[in-house]
Protein chains: 2
Amino acid sequence: MMQLIADRKDIDFVLHEQFELSQLSRHEKFSDFNKTVIDMIVNEARNLAIKEILPTNSIGDKTGCSYENGRVTMPSEFKAAWYQLEKGEWFAPAQAPEWGGQGIPETLNVATQNYLFGANLSLLMVAGLNHAAGKIIETFGSDRQKKYYLKNLYSGKWSGTMVLTEAESGSNLGDLTTSATKNEDGTYCLSGNKIFISGGDHDMTENIVHLVLARIEGAPKGSRGISLFVAPKFLVNDDGSLSEQNDIVCTGIEEKMGLHGSPTCSMALGSRGKCIGTLIGKENKGLSIMFLMMNKARLMVGSQALSCASSAYLYALDYARNRIQGSVPGESGKKSIAIIQHPDIRRILLTMKMYTEGIRSLLCYIANLEDKKKLTENVADKVRYQNLIDILIPVAKGYVTDRALDVCNMAVQIFGGYGYTTEFPVEQLLRDVRITTIYEGTNGIQAMDLLGRKLFHRKKELYKNLIDEIDITLNRAKATPALEQMAQTLDNALTKLEQVVNKIDPALQDQDVLLSYAFASPFLEVTGDIVMAWMLLWRATIAQDRIENKPRKKELDFYAGQIKSAQFFIGSILPVTLGKMASIITFDGAAIEISDTSFGGK
Amino acid sequence: MMQLIADRKDIDFVLHEQFELSQLSRHEKFSDFNKTVIDMIVNEARNLAIKEILPTNSIGDKTGCSYENGRVTMPSEFKAAWYQLEKGEWFAPAQAPEWGGQGIPETLNVATQNYLFGANLSLLMVAGLNHAAGKIIETFGSDRQKKYYLKNLYSGKWSGTMVLTEAESGSNLGDLTTSATKNEDGTYCLSGNKIFISGGDHDMTENIVHLVLARIEGAPKGSRGISLFVAPKFLVNDDGSLSEQNDIVCTGIEEKMGLHGSPTCSMALGSRGKCIGTLIGKENKGLSIMFLMMNKARLMVGSQALSCASSAYLYALDYARNRIQGSVPGESGKKSIAIIQHPDIRRILLTMKMYTEGIRSLLCYIANLEDKKKLTENVADKVRYQNLIDILIPVAKGYVTDRALDVCNMAVQIFGGYGYTTEFPVEQLLRDVRITTIYEGTNGIQAMDLLGRKLFHRKKELYKNLIDEIDITLNRAKATPALEQMAQTLDNALTKLEQVVNKIDPALQDQDVLLSYAFASPFLEVTGDIVMAWMLLWRATIAQDRIENKPRKKELDFYAGQIKSAQFFIGSILPVTLGKMASIITFDGAAIEISDTSFGGK
């Protein structure tokens, strides 16, 4: 029986063997989460995802959303799925139970997201906004805002949105022009036009809670003058019941390459002068609030990408095992074989496997840091965990989505001509995953974040924390004879990474700042490669340990597969990474030196 | 004014400065094609493409094809475009005028294809089959077949198809089962089911000429028992008029990721026992005939991919010049700038430019070899030209389509969120170009072709011919002080390529044959990189020459852009290529060693 969406064995390995998650149950906060409970929660997510939600995925892609007179209709099959998510309390599982969450560890949350996002990304990305909007209200909202909105968001009774982007300002939120005028009762009248609002309108819930970035009249220019507001689709009476409709209306939806089941809305705020919003947090602190939420949002996009990649891998693997075609090289004319026997297909499949596994470990690692940060009282540890999260987020969003896109692309290739047809699920996965390299900050922005804000921050403290963590794995692997050589190769790559950092450091300070940024994306890529190699070697150290204890055949096969993933990455990918590092060190200036007219095209 | 589809200046540079095409007019065969005529033909293709055909491209994508009762309808807007192609004699421009061609050089044909495929890939790929089917009939057909079909194909009055693939055999044509039974009158009754037949049915033309691979009863098993037949949709009377409908019927069309305007048909042959076909060439030589046509077909797919890439580049470049967003790194809060000023965007744009240019040169180079092969009487030269074509075709199809896919992907990224919407043309280009890595032999098959059939063929004669050609450019560049360093870097990479070849050579002979094939795709990639570097350095040598003659500003900008493309590839990409070579030399066995169960997923 083929597995769907995610390889359960691998998820269990990450949760129990790599991160020993049930250890968290020694702390009071997570005392309920022993191994049995953890497994039960993964089971629930998996069953819900595969049985109830996955069947709606292709339907949603084909039906899409429709727009008429300010109202958006999502695929009707999504309603039952939404209800199941509500019933299972899947809208904010890691949040506080008092507000409708389940209080599960973030690490476990990422594992369950793998199944849920993988079942229907269109629906779950809209649903995921409930958690994001709720978290902001939980953290920065007034008691009144919490009372009226929070439980409805975390429970999935209502839904949430992020109303940020405008046509002109795009990624540069500091330039937005939507205005907010204070009313006598302390509320604000919002006015402006927004675009690319996921779930800006739909028919899944009776109300939608919009979080809106706007500029209060007279506020400072640029990013320091932006405030955050909550403006619900329907205003809420004091008793919590719905009042009249607010003046925030969907004016159209985008036709997109993928994610057809998720409405991407243009929104008009205050076209009748009556879009009522209340301030969240302090005036002019809107962007700071968004920044504080950004790590979680970006990790979630990484999770979305992983879900597409892990689904694509399993479909391609199953296809490769069953599709009979051609013969082994050098034996043409002989009996036809399953294409998994072809060396080129094996290379592609192992590449897909390796990235899927490495990404899964990385995302759970970051979530695990969040859990450990919550539990520790030690301030230095808290800082270190946060440092590691901060430096890894651009990798978890930028590098991860790029690799997930590659993996989905490879799946289409393995299916051959069939992969290009809608008869098989891989082309939808490729179209759907394509957005993840763009939204929540394009991957170019992630690269600039890593180089400009993280790498040299506090005298490279974040970077040093990262290297120290990698060293723990390296030392363990070096002490394992079967892995010693791999560990040495990774260690050499780390030395080379140090040279790259030392090349960029002075350049960023002087007139080469532009050129340095031309290498931001390559730098993100080599950092990501190193992190992948680390995660895979970490997995291999555990697997090698288990292998030496002579496990049963099925276990042995799994652990042997872990060794092969690490071996492949370190043997076949790291040499390319070294080449990428050499390219950065060359520091060729062509991209900056070329004149605008020399690009041609006129 | 932005250029559309292809940069005319660059096309002119390739035709006149890199390949000095008008020199061909010294030969009688091409005596008409002086510079003025060449430019006029490019003008015509460009005008037709941009004014008449391009407007149908997005319409075709949105409308798609429809199927009802065995009949396929293509987007109605395509009819006028087809008529314009017919009127302009664009169905087989490089073929003999006596059969309806224009007899233009292949080099020029590739240049005009850049515009035509770029205007509407769905329509032009169907139209392109006219040439392919016609060429087979011209080369292998009987006088009768030529008389009835050839002019109608080359003129575009009828259309042609290639009816090869079957559901079970897929890429492995040797396994196909469609049968052919000889009738008393010398014709054959064909019987079987075919899939993925581009243009298998449509309403563009009154008749469709199907070329069908089938197995004559009693023929040898496998690839040596396959014959090629022509079976028209409507049988043809002796006077050339249409007779009754043949028993070859479309039973459905595929829903696809892209290429929506091109019907991909399932075909039933002989379901009423009456699919009449006539043999082309000799019995059991069907696959040999197809193989002989394969180079041209694969070069054409490279051309299709180039068209998508060059369009995507120009759209992205124009967008980057006009989209105002963000400020220069290190100057945040200052005035917003066009995104082409951002280092990361410049890096992406230069990458796109460089591949588009390198690919354009490569495809024209191969076409130019075809032209030179036609003109020379020298047998050794003929062999050498053919060797170069043979070894470069896997690059021109496999490497080129992979890079074109990258370029289209980058275009979507430059457009940001807009790139994901159907409002802008880049997402369609990405979906359309995606098929080019699959059809006409997947890129994995191209890699196996390079490694298994080309590289070590005749004691590496093809490979040596290639290296000798590269050396010509290297020597010229080494003699140019401004390019000497670049030439040396490429030369070093060639030395490393030699090491790679020497690593694979013995491995292919012994028990490492499987492992060698696991590196087939990486080997294709490094070969392609070297070829790109060569093409770009070649361009740079010409450009440097011109620069030294102090051209006007606009010319200077163009030539300077050529130097920058070469500098960027050699400075920033070749180091990565060296890393890929190091990876091959490492020759890690993981992909072959991993057991099937260790891939997981069960």
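Analyst: Before we start on this predicted model, two residues are taken to be in contact if their C-beta atoms, placed from the backbone, lie within 7 Å.

User: At what angle do the axes cross?

Analyst: The axes of α5(A) and helix α8 of chain A, which covers residues 286-322, cross at roughly 65° and come within 8 Å, and the crossing is right-handed.

User: Switching to domains, what are the bounds in chain A?

Analyst: The assignment gives domain 1 as 8-154, domain 2 as 159-286 and domain 3 as 455-588.

User: How many residues of domain 1 of chain A are in contact with domain 2 of chain A?

Analyst: On the domain 1 side there are 33 residues, in contact with 28 residues of domain 2 of chain A; the largest share of that domain 1 side, 13 residues, comes from α6(A), and the side as a whole divides into 20 nonpolar, 10 polar and three charged residues.

User: Back to helices, which residues of α1(A) are buried?

Analyst: In α1(A), residues 8-18, the buried ones are D10(A), I11(A), F13(A), V14(A), L15(A) and Q18(A), and their cover includes α2, α5, α9 and α16 of chain A. Just after α1(A), E20(A) takes a positive phi of about 40°.

Technical notes: Residues numbered from 1 in each chain as written. Chains lettered and ligands numbered in written order. Predicted model: local features only at pLDDT ≥ 70, side-chain atom pairs only at ≥ 80, totals over all residues. Domains from an automatic or database assignment. Helix = DSSP H or I, 4+ residues; strand = E, 2+ residues; numbered from the N terminus. Nonpolar A, V, L, I, M, F, W, Y, C, P; charged D, E, K, R; others polar. Buried ≥ 20, exposed ≤ 12 C-beta atoms within 10 Å, placed from the backbone. Axes fitted to C-alpha atoms, helices over the stretch in contact; angles between N-to-C directions. Left-handed = near helix turned anticlockwise from the far one by under 90°.
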